[in-house]
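Please work through the exercises below with the sequence and the model side by side, trying each task before reading its solution.

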Amino acid sequence: MKSLKRSLKGLLFILIIGVVIIGAFYRQEVYRLYKVVTFFEPQNISENFRRVKNIFPTRVVPKSTRPFLFPNAEKRMDIPGTFTFNDSVVNTQSYLDYTLTDALLIIHNDSIKYEYYSNGFEPSDLHISFSMSKSVISALFGIAIDEGLIKSIKNTVTDYLPEFVGTGYDGVQIKDVLQMSSGVKFNEDYSDFNSDINVLGRYFALGKPMKYFAKRLKKEREPGTYNQYVSVDTQVLGMILTKATGMTVSEYMSKKLWEPLGAESEAHWIIDNEGMEFVIGGLNCTARDYAKIGKLFLNSGKWQGQQLIPNDWVTASITPDAAHLMPGKRPSAKSKDGYGYQWWIPLGADDEFNAQGIYTQFIYVDPDKDMLIVKLSSNYHFKEDRTSFFHDHEIALYRTIASSL
């Protein structure tokens, strides 16, 4: 018995020493893993979404030296008190509260028509974008194409990233990656602990280079035939952008977008331990600066008389050009919404399009109303949604707001 107790004490001592050693050598990784695990806890989620730059390693995109401020409209609007979805009347404020809306900003005719903040947020606070950052990467890609740094979207991934030979991206055209039609096998089910997106999250939690995860993926379908949302597709685009421009994503964004757009505030990109931006969803900006991205696309890539993004690129970004990309239920896609170059076209759209991210982040653009809406949220209910409940309610709310103008 005494011998067993001594053995157990010895084992416990070894375990304690092991934990101490791991903590000493991998302190940053352990802390980052802890922050990711607790990042979405309801009691802290809004604060975490606001304080990303204090939680994870980031790279700064400086604010513009010539900041542009949207003027306030002469007459502010009251948003509709209710909206209708599937014959049900929904109380707007109750819905905003339920989805933990941190910011709601409505720009109409170039002016702020409505601005709302909650859960401790102020206009100057940054908020994580999640997948809205994909639409920013699309903008940067269009600029790089126009500058000739990327020759053509008909080039393949491996033309720029030869280390991807033999992976699921081998020989895949850049256009198919832009349109979430790469054909690689990927499970984006957030409720499945072992899904690809959650394994990717654990890579991110430990700061592992995103390129290593991307190289794991295998081909499942013929590229350009099926629209399946694969977040890693955008990470591959970010890698191509970095390789082609010779700059980090942050540097290129600063030079080509943030400075000429008159960004009021600095932005922050989360980076991995090799310094690569987490372009899948790691951009952090203020609501007003997100609105500038929406306004730029509403204006066909033009800002204050300067064509920042080619007009034809903006058009292609928001125009599905094949059957598997068209809005509507179809056997060649998982989503009922349409897709362009990293921008969504909602079912039933006239000319509307949007950027969107998990936990209910939106930049919604309605050109014929000259209106855009930015909604930033800490909607921890999102992971429980199996029926696009939140997405569909958001679109119904935005269309009601647009109709009320």
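Predicted model: local features only at pLDDT ≥ 70, side-chain atom pairs only at ≥ 80, totals over all residues.

Residues are numbered from 1 along each chain as its sequence is written, and side-chain values use heavy atoms, leaving out hydrogens and water.

**Exercise 1.** Find the order of the four strands in the open sheet.

Solution. Strands are DSSP runs of E with at least two residues, and helices are runs of H or I with at least four, numbered from the N terminus; two strands pair if DSSP finds at least two bridges between them. The order is β1-β7-β8-β6, with antiparallel pairing. At the edges lie β1 (58-61) and β6 (127-128), each pairing on one side only. Four bridges join β1 to β7 (residues 267-270), and R59 stands opposite W269 in β7.

**Exercise 2.** Determine how the axes of α6 and α12 cross.

Solution. With axes as lines fitted to C-alpha atoms over the stretch in contact, and angles running from 0 to 180 degrees between N-to-C directions, helix α6 (residues 132-146) and helix α12 (residues 249-258) cross at roughly 75 degrees, their axes coming within 11 Å.

**Exercise 3.** Is T248 buried or exposed?

Solution. T248 is found in the loop between α11 (231-245) and α12. Its relative accessible area is 19%, so T248 is buried (under 20%, whereas exposed means over 50% and partly exposed lies in between, with a 1.4 Å probe and protein chains only). Leaving aside neighbours within four places in sequence, T248 is in contact (heavy atoms within 4.5 Å) with R59 and E277.
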